[in-house]
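The sequence and the structure come first, and the description follows.

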Amino acid sequence: MIEEIKKQAKIVLGKNDDAHGYEHAERVANLVKKLNQQEDGDELVVETSCYMHDWCSNGGREYHVSEEAMQKIKSDFVKLNLPENKIESVIEAVRHHEEYNFKNEKKDYSIETQILQDVSMLHLN
């Protein structure tokens, strides 16, 4: 399943700039795999989230985490045969991957979302 997602990601992310392209997604996925070994998130959710977190970035910074973008991603999941019970978890991670908590406010995000947030921030630095 992840191989099909990666194949589609090469096409979709190929339209993005270098900071949001396929190579970026690959680097994020490699880091996520290492962190997930310690955190024990759902492997399919975290890896899929890596390849899809910038899926709609060519629409602009605000758009790529908008409700419209989430609906586009959901429709693409159907084509990729992602199990239905994983879709909302991936959508949550993608929607919140750039929401960093610098005010120390408690957010109730899944471990998969937190992993993607951490790695996305690490990759930026």
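Is R27 buried, exposed or partly exposed? With a relative accessible area of 39%, R27 is partly exposed, where buried means under 20% relative accessible area, exposed means over 50% and partly exposed lies in between (1.4 Å probe, protein chains only).

## Basis of the model

This is a predicted model, in which local features need pLDDT of at least 70 and side-chain atom pairs count only at pLDDT 80 or more, while totals for chains, interfaces and linings use all residues. Residues are numbered from 1 along each chain as its sequence is written, and side-chain values use heavy atoms, with hydrogens and water left out.

## Overall fold

The protein chain has 6 helices and 0 strands, and its pattern along the sequence is α-α-α-α-α-α. Helices (H or I, at least four residues) and strands (E, at least two) are DSSP runs, numbered from the N terminus.

Of the 125 residues in the protein chain, 43% are buried. Taking contacts between residues at least 6 apart in sequence, 59% join residues at least 24 apart; contact means heavy atoms within 4.5 Å.

Two packed helices are described by the angle between their axes and the distance between the axes. Axes here are lines fitted to C-alpha atoms, for helices over the stretch in contact, and angles run from 0 to 180 degrees between N-to-C directions.

The axes of helix 2 and helix 3 come within 8 Å and cross at roughly 155°. Helix 2 is therefore roughly antiparallel to helix 3; angles under 35 degrees count as roughly parallel, over 145 as roughly antiparallel, 65 to 115 as roughly perpendicular and the rest as oblique. The crossing is right-handed, a term for the near helix being turned clockwise from the far one by less than a right angle, with anticlockwise giving left-handed. On the helix 2 side the contact involves Y22, A25, E26, V28, A29, V32, K33 and N36, and on the helix 3 side E43, V46, E47, C50 and Y51. These residues divide into 8 nonpolar, 1 polar and 4 charged. Ala, Val, Leu, Ile, Met, Phe, Trp, Tyr, Cys and Pro count as nonpolar, Asp, Glu, Lys and Arg as charged, and the others, Gly among them, as polar.

Helix 3 contributes L44, V45, T48, S49 and M52 to the contact, and helix 5 contributes K86, S89, V90, A93 and V94. By class there are 6 nonpolar, 3 polar and 1 charged residues.

For helix 1 (residues 2-12) and helix 3, the axes come within 10 Å and cross at roughly 10°, which means that helix 1 is roughly parallel to helix 3. I2, I5, K6 and A9 of helix 1 meet E47, T48 and Y51 of helix 3. This contact has 4 nonpolar, 1 polar and 2 charged residues.

## The aromatic pair

The count of aromatic pairs comes to 1. Rings of Phe, Tyr and Trp (its six-membered ring) pair if their centres lie within 6.5 Å; planes under 30 degrees apart count as stacked, over 60 as edge-to-face and the rest as tilted. The pair is Y22 with Y51, stacked, at 5.9 Å centre to centre and 25° between the planes. Y22 belongs to helix 2 (residues 22-39) and Y51 to helix 3, 29 residues apart. Both Y22 and Y51 are buried.

## Individual positions

A29 lies in helix 2 and counts as buried at 1% relative accessibility. Apart from neighbours within four places in sequence, A29 is in contact with C50 and Y51. A29 and V119 are 90 residues apart in sequence and 8.6 Å apart in space, C-alpha to C-alpha. R27, also in helix 2, is 92 residues from V119 in sequence and 9.5 Å from V119 in space, C-alpha to C-alpha.

D40 is in the loop between helix 2 and helix 3. Phi of D40 is near 60°, a positive value in a residue other than glycine. D40 is exposed, with a relative accessible area of 66%.
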